[in-house]
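Please look over the sequence and the structure below before reading on.

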Amino acid sequence: MSFNFDFVGRRKWWYALSLLIIIPGLIAMALHRPVLNFGIDFTGGNIIDVQFQQPVSAGQVREVLDSLDLGTSSIQATGNNEFLIRTPELNEEQTDRLIGALRDKIGQLDLKRNEKVGATIGRELTIKGIEAMAIAWVLMVIYITIRFEFLSGLAAILALIHDVLVTVGLFAVFRWEVDSTFVAAILTIIGYSINDTIVIFDRIRENLRLRRKETIEELVNRSINQSLTRSINTVLTVIIALLALMILGGETTRTFALAMLIGTISGAYSSIFTASPLWIDLRNLSRERHRQAATSKAATKAKPRKAPSH
């Protein structure tokens with residue numbers, strides 16, 4: 001299937017659409033404290049490990065937790081009728097009430113672990129996540145600069161920042177809970193998005209060698225259209241897998257799947273509509289600055305020297 005869409009000519013519309021999604025997210029982050037709805041991985045709380053003596057589903061455990069109104073909590077099945085329950089910080093009385101309710105409503109259980117996790121772990125996770133992202137971006141710029149050119153690397157990183165802002169912004173607007181899997185999802189989104197962008201940049205580089213008579217806008221449009229079928233097929237298969245994970249994966253993987261779903265769609269969009277048009281704008285801006293500098297230098301040389309007075 002061949003396409004002939006004018007992606008570059010309408011790039012201001014694509015930029016405007018991106019800003020329409022990103023700006024509300026930035027406003028939400030500016031207005032809310034904390035900026036995101038951090039889960040206990042970031043804020044601290046209790047980790048309770050229980051094992052029941054009979055078959056039990058995560059849904060039954062969830063019903064008991066909801067009936068106690070203990071705030072946001074997560075449940076992870078870890079073994080044979082064994083569950084890891086993460087709750088906000090509980091005192092001894094609240095913990096006893098939770099264990100008692102599980103015994104009364106579900107059945108006998110063994111309490112294998114009850115630990116309090118401080119907020120220090122949350123700060124460490126946040127700092128490590130930001131450090132990992134910064135290191136990844138720097139290495140990507142170096143790699144893309146070596147393989148293509150510096151402006152291609154800069155355009156690709158701007159597209160990645162776009163994807164991160166869209167994902168984080170939507171989580172901020174809707175106050176969806178953020179846990180440690182969210183950090184993993186953001187790093188995965190960066191890897192997926194840059195891969196799609198590299199494919200299009202690679203096609204642009206090939207066409208630059210073959211189609212020297214076309215304008216750069218025509219060449220980039222042709223390159224994106226040539227890669228469009230591959231991009232659509234790839235993103236659709238990933239979206240299908242993520243939707244299946246969201247529906248069937250349970251509570252534990254829902255945050256990861258939701259963040260990945262938003263980031264994957266945003267990554268496909270930025271690879272097609274944002275990265276290459278940004279490269280053209282950065283290229284034009286760089287050439288204009290060099291042209292102005294050359295004109296200014298030539299004018300300085302051509303300026304007649306003032307004759308010395310006697």
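The C-alpha centres of domain 1 and domain 2 lie 38 Å apart in this model, which is predicted. Domain 1 is made of two stretches of the chain, 8-34 and 121-288, while domain 2 covers residues 45-117.

**Helices α1 and α6**

- Helix α1, which covers residues 11-31, and helix α6, which covers residues 150-174, have axes that come within 8 Å of each other and cross at roughly 50°.
- Because the angle has that value, α1 is described as oblique to α6, and the crossing in which α1 passes α6 is left-handed.
- On the side of α1, the residues that take part in the contact are Ser18, Ile21, Ile22, Pro24, Gly25, Leu26, Ala28 and Met29, and they meet His162, Leu165, Val166, Val168, Gly169, Ala172 and Val173 in α6.
- Sorted by class, the residues of this contact of α1 with α6 comprise 11 nonpolar and 4 polar ones, with no charged residue among them.

**Helices α6 and α7**

- Helix α6 also packs against helix α7, residues 180-210, at an angle of about 145° and with the two axes 10 Å apart.
- The crossing of α6 and α7 is right-handed.
- From α6 the contact draws on Ser152, Ala155, Ala156, Leu160, Asp163, Val164, Thr167, Val168 and Phe171, and from α7 it draws on Phe182, Ile186, Ile189, Ile190, Ser193, Ile194, Thr197 and Phe201.
- The contact of α6 with α7 divides by class into 12 nonpolar residues, 4 polar residues and 1 charged residue.

**Helices α3 and α4**

- The axes of helix α3, residues 58-68, and helix α4, residues 92-105, come within 10 Å of each other and cross at roughly 130°.
- The two helices α3 and α4 are therefore oblique to each other, and α3 passes α4 in a right-handed crossing.
- By class, the contact of α3 with α4 contains 7 nonpolar residues, 1 polar residue and 2 charged residues.

**Salt bridges**

- The count of salt bridges in the model comes to 9.
- Asp281 lies in helix α9, residues 251-302, whereas Arg11 lies in helix α1, so the pair ties together parts that are 270 residues apart in sequence.

**Arg86 and its surroundings**

- Arg86 is found in strand β4, which covers residues 82-87.
- Although Arg86 and Asn46 are 40 residues apart in sequence, they are 5.7 Å apart in space, taken from C-alpha to C-alpha.
- When its neighbours within four places in sequence are left aside, Arg86 is in contact with Ile40, Asp41, Asn46, Ile47, Thr72, Ser73, Ser74 and Gln76.

Note on methods: Residues are numbered from 1 along each chain as its sequence is written. This is a predicted model: local features need pLDDT of at least 70, side-chain atom pairs count only at pLDDT 80 or more; totals for chains, interfaces and linings use all residues. Side-chain values use heavy atoms; hydrogens and water are left out. Axes are lines fitted to C-alpha atoms, for helices over the stretch in contact, and angles run from 0 to 180 degrees between N-to-C directions. Helices (H or I, at least four residues) and strands (E, at least two) are DSSP runs, numbered from the N terminus. Angles under 35 degrees count as roughly parallel, over 145 as roughly antiparallel, 65 to 115 as roughly perpendicular and the rest as oblique. A crossing is left-handed if the near helix is turned anticlockwise from the far one by less than a right angle, and right-handed if clockwise. Contact means heavy atoms within 4.5 Å. Ala, Val, Leu, Ile, Met, Phe, Trp, Tyr, Cys and Pro count as nonpolar, Asp, Glu, Lys and Arg as charged, and the others, Gly among them, as polar. Domain bounds come from an automatic or database domain assignment. A salt bridge is a side-chain nitrogen of Lys or Arg within 4 Å of a carboxyl oxygen of Asp or Glu.
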